[in-house]
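Hi,

Here is the structure I promised to pass on. Have a look, and then read my notes on its aromatic residues and nonpolar cores below.

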Amino acid sequence: WGLGESTRIAHSVKVPRYAGVDSDAHYVATTRSHVDPDFGFYFADIGATAAWGVPREPGLRKSAYNYQVAPLWNELWAPFEVYLVDGRFRVACVLVAFLHASAAAVKKVT
């Protein structure tokens, strides 16, 4: 969760599977143009944002869930080896990561 230098590092060390999300559409497009085209990037519309993608309307809760689940919708088939949370809604994103990792692991075992 969150795109930035860690995304570029993942590209440079040739991480085979990557899904990232950001709340700034322009930043998603810019980052996408600098890394592997197979990386999955998702724009989470959480409403208008200020600097660093911070929501201008924190009371707009229905959109916040987009950010938490966006990078995982197309990645339900297997858990990631690493989940990096460095963006908005960190606690919620960590909890969603735990759910994704455990649900995907159960699917893999059964």
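First a term: I call a residue buried if its relative accessible area is under 20%, exposed if over 50% and partly exposed in between, using a 1.4 Å probe and protein chains only. Bear in mind that this is a predicted model, where local features need pLDDT of at least 70, side-chain atom pairs count only at pLDDT 80 or more, and totals for chains, interfaces and linings use all residues. Residues are numbered from 1 along each chain as its sequence is written, and side-chain values use heavy atoms, with hydrogens and water left out.

Phe39 is buried at 6% relative accessibility, Phe41 at 7% and Tyr18 at 15%. Together, Tyr18, Phe39 and Phe41 make one aromatic cluster. Rings of Phe, Tyr and Trp (its six-membered ring) pair when their centres lie within 6.5 Å; planes under 30 degrees apart are stacked, over 60 edge-to-face, and the rest tilted. That gives 3 aromatic pairs. Tyr18 and Phe39 are stacked, because their ring centres are 4.7 Å apart and their planes at 20 degrees. Phe39 and Phe41, at 6.4 Å and 45 degrees, are tilted.

Now the cores, meaning sets of buried Ala, Val, Leu, Ile, Met, Phe, Trp, Tyr and Cys residues joined through side-chain atoms within 4.5 Å. The largest has 13 residues, and Trp1, Val21 and Leu72 are among those touching the most other members. A second, separate core of 7 residues includes Leu3, Ala10, Phe39 and Phe41.

Cheers
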